[in-house]
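These are my notebook entries on what I looked up in one structure. I set them down in the order in which I made them.

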Amino acid sequence: MAILINLDVIMAKRKVKSKDLAQAIGITEQNLSLLKTGKIKGIRFSTLNAICQYLDCQPGDILEFKDD
């Protein structure tokens, strides 16, 4: 089982830069980079909420479940 993070795809579709998103949601660019690459163990709902608000998307647009 794997959870895939499609944040970079959504950001590209919305033409949003990492710097702008990180600043808008209140996290560092480094933490945003870790999130985009899937090198995290979890995400706060408040962070996910802020990302979805800023990008005008649903959590399912960002997170995807793939069965191995």
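**Entry 1: Ile62.** I began with the contacts of Ile62, where contact means heavy atoms within 4.5 Å. Not counting residues up to four places away in sequence, Ile62 touches Leu4, Ile5, Asn6, Leu7, Leu48, Ile51, Cys52 and Cys57. I noted that the model is predicted, that local features need pLDDT of at least 70 and side-chain atom pairs pLDDT 80 or more, while totals for chains, interfaces and linings use all residues. Residues are numbered from 1 along each chain as its sequence is written, and side-chain values use heavy atoms, with hydrogens and water left out.

I placed Ile62 in helix α5; helices (H or I, at least four residues) and strands (E, at least two) are DSSP runs, numbered from the N terminus. Ile62 counts as buried because its relative accessibility is 4%. From C-alpha to C-alpha, Ile62 and Leu7 are 5.1 Å apart in space and 55 residues apart in sequence.

**Entry 2: Leu4.** I then turned to Leu4, which lies in strand β1 (residues 2–5). With 34% relative accessibility, Leu4 counts as partly exposed. Leaving aside neighbours within four places in sequence, I found Leu4 in contact with Ile62, Leu63, Glu64 and Lys66.

**Entry 3: helix α4.** Which residues of helix α4 are buried? In α4 (residues 45–55), I recorded Thr47, Leu48, Ala50, Ile51, Cys52 and Leu55 as buried. Their cover includes α1 (7–14), α2, α3, α5 (59–62) and β2 (63–66).

Entry 4: Most residues other than glycine have a negative phi. I placed Asp56 in the loop between α4 and α5, and at 64% relative accessibility it counts as exposed. Lys15 also has a positive value, with phi near 55°. Lys15 lies in the loop between α1 and α2 and is exposed, with a relative accessible area of 76%.

**Entry 5: α2 and α3.** At what angle do α2 and α3 pack? Helix α2 (residues 18–25) and helix α3 (residues 29–37) pack at about 110°, with axes 9 Å apart. This makes α2 roughly perpendicular to α3, a term for angles of 65 to 115 degrees. Ser18, Lys19, Leu21 and Ala22 in α2 meet Glu29, Leu32 and Lys36 in α3. By class, this contact of α2 with α3 has three nonpolar, one polar and three charged residues. The loop between α2 and α3 holds Gly26, which is exposed at a relative accessible area of 64%.

**Entry 6: the largest pocket.** The residues lining the largest pocket (an atom within 4 Å of a point) are Ile27, Asn31, Leu35, Ile40, Gly42, Ile43, Arg44 and Thr47. By class, I noted four nonpolar, three polar and one charged residues in this lining.

Key
Axes fitted to C-alpha atoms, helices over the stretch in contact; angles between N-to-C directions. Parallel < 35°, antiparallel > 145°, perpendicular 65-115°, else oblique. Nonpolar A, V, L, I, M, F, W, Y, C, P; charged D, E, K, R; others polar. 1 Å grid on protein atoms, 1.4 Å probe; cavity = no way out; pocket = protein on both sides within 12 Å on 5 of 7 lines; lining within 4 Å. Buried < 20%, exposed > 50% of the residue type's maximum accessible area, 1.4 Å probe, protein only.
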